[in-house]
Amino acid sequence: MTKFEPIDAQTLLSTPLPPVRWLIPNLLPAGLALLAGASKSGKSWLCLWLSLQLAQGSEFWGRTIPAQTVLYLCLEDTYARIQNRLFRLTEDIVPDRLYFQTACETIGQGLERQIETFLNQHPETGLIIIDTLQKVREADPTTGIYASDYQDMSVLKALADRHNIALLLVHHLRKQGAADPFQQISGSNGLMGAADTIWLLQRQRMSNAARLLVTGRDMDSRTLHLQSEGCIWELIEEESAEQMAQRAVPACVWAVADFVQRQKFWQGTATELLAAAGIADLQPNQLTRKLVEFYPTNLAPLGIRCESRRTASARQLRLWYDDDDANDDKSGTPPDGGDIPETSSAPSSSSLKALRGNKALRGNKHGLCVATGQHFANMGPAPSPALPEVAL
């Protein structure tokens with residue numbers, strides 16, 4: 001079978017394939033990788049220290065890595081500068097598996113052949129660093145920026161995949177800010193689209209602290225908090241994507257969650273909820289928005305259910321805690337509206353037990369009011385038969 005022939009699913013599932021080769025466990029697999037950061041942010045120091053650790057088979061940010069040959073193309077440096085940096089990073093002994101080069105050909109003009117020659121001479125090679133990507137590219141006015149970016153990256157990716165090595169490209173950020181940090185990478189989306197792994201180094205000028213955002217096809221996204229100690233980037237803390245998501249949840253959401261879990265049931269306006277839960281320095285509409293935003297990912301898994309209704313004079317919230325639903329992920333059952341008081345309160349346990357049973361108003365784990373079939377965030381103006389219109 002050639003690479004252009006399809007493979008059926010049954011054959012694919014029954015064919016043993018080699019596992020992903022990790023140069024650094026859960027951080028840098030074989031394939032095409034991109035390290036992006038602002039100018040003078042410490043990218044080259046990071047690459048040099050990484051090269052030293054990998055070439056001597058040492059530890060890297062708490063991860064044991066086997067010794068492998070590394071080729072570092074320092075295309076913006078001189079051998080004198082590299083030597084000076086090595087003096088600052090090493091003692092008397094340096095690994096003999098580490099090679100440097102300060103000049104090479106460009107993509108499509110001999111670079112691939114040079115790399116192939118090195119790999120034939122050093123088949124144990126695990127990592128090749130090109131610092132920087134722009135130094136090995138030729139401007140092509142006949143193609144668009146996306147097509148040019150993707151074409152150059154695809155050539156290098158094919159080379160990395162063919163030899164099962166990691167090819168790390170050092171690149172810059174654009175000066176304009178962006179809501180998504182990865183959108184600050186200079187160039188088009190073709191760079192990110194072709195890369196298997198992306199490292200984004202964020203550091204304020206003159207600061208010794210930085211963040212390394214890591215994402216890729218073969219790993220979960222994570223953030224590494226780093227600190228520069230003697231030209232070495234030391235790991236201070238590492239956060240997984242799940243931990244980052246939890247940290248992004250505002251304190252007011254956790255305050256409401258704790259309040260509802262204690263009260264079991266609550267009804268009223270957002271203004272009253274702020275007072276009842278002891279939340280300060282927040283507007284009612286801001287609280288409602290945060291509850292809507294984080295309901296599916298943070299409140300519903302805890303067994304907290306929400307309904308929202310527009311009455312004649314105000315929007316009413318109804319929140320209740322279904323402990324059984326939090327444990328077994330079954331649909332929650334809100335209290336019936338027959339005996340709901342006209343002020344914010346928590347009914348007794350006997351009242352709650354008596355109020356369960358009206359299927360028309362039964363909520364579910366997706367935060368729908370089943371009476372209308374609408375989502376929590378999109379409740380219409382029609383009053384609920386289970387929620388009397390209260391003038392507040």
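Me: Is Ala 270 buried or exposed?
Reply: Happy to start there! Buried means under 20% relative accessible area, exposed over 50%, and partly exposed in between (1.4 Å probe, protein chains only). Ala 270 has 9% relative accessibility, so Ala 270 counts as buried.

Me: What should I know about the model itself?
Reply: This is a predicted model, in which local features need pLDDT of at least 70 and side-chain atom pairs count only at pLDDT 80 or more, while totals for chains, interfaces and linings use all residues. Residues are numbered from 1 along each chain as its sequence is written, and side-chain values use heavy atoms, with hydrogens and water left out.

Me: Which residues does Ala 270 touch, not counting those up to four places away in sequence?
Reply: Ala 270 lies in helix α9 (residues 270-277); helices (H or I, at least four residues) and strands (E, at least two) are DSSP runs, numbered from the N terminus. Contact means heavy atoms within 4.5 Å. With residues up to four places away in sequence left out, Ala 270 touches Pro 284, Leu 287, Thr 288 and Leu 317.

Me: Which side chain makes a polar contact with that of Asp 152?
Reply: Asp 152 sits in helix α5 (residues 145-163) and is buried, with a relative accessible area of 11%. A polar contact is a pair of N or O atoms within 3.5 Å; within protein, one must be able to donate a hydrogen and the other to accept it, and residues adjacent in sequence count only if both atoms are side-chain atoms. At 2.8 Å, the partner of the Asp 152 side chain is that of Arg 137.

Me: Why is the ring pair of Tyr 99 and Phe 118 edge-to-face?
Reply: Rings of Phe, Tyr and Trp (its six-membered ring) pair if their centres lie within 6.5 Å; planes under 30 degrees apart count as stacked, over 60 as edge-to-face and the rest as tilted. By this rule there are eight aromatic pairs. The rings of Tyr 99 and Phe 118 have centres 5.5 Å apart, and the pair is edge-to-face because their planes are at 75 degrees.

Me: How many residues apart in sequence are the parts that this pair ties together?
Reply: Tyr 99 belongs to strand β7 (residues 98-101) and Phe 118 to helix α4 (residues 111-121). At 31% relative accessibility, Tyr 99 is partly exposed, whereas Phe 118, at 10%, is buried. The pair therefore ties together parts whose separation in sequence is 19 residues.
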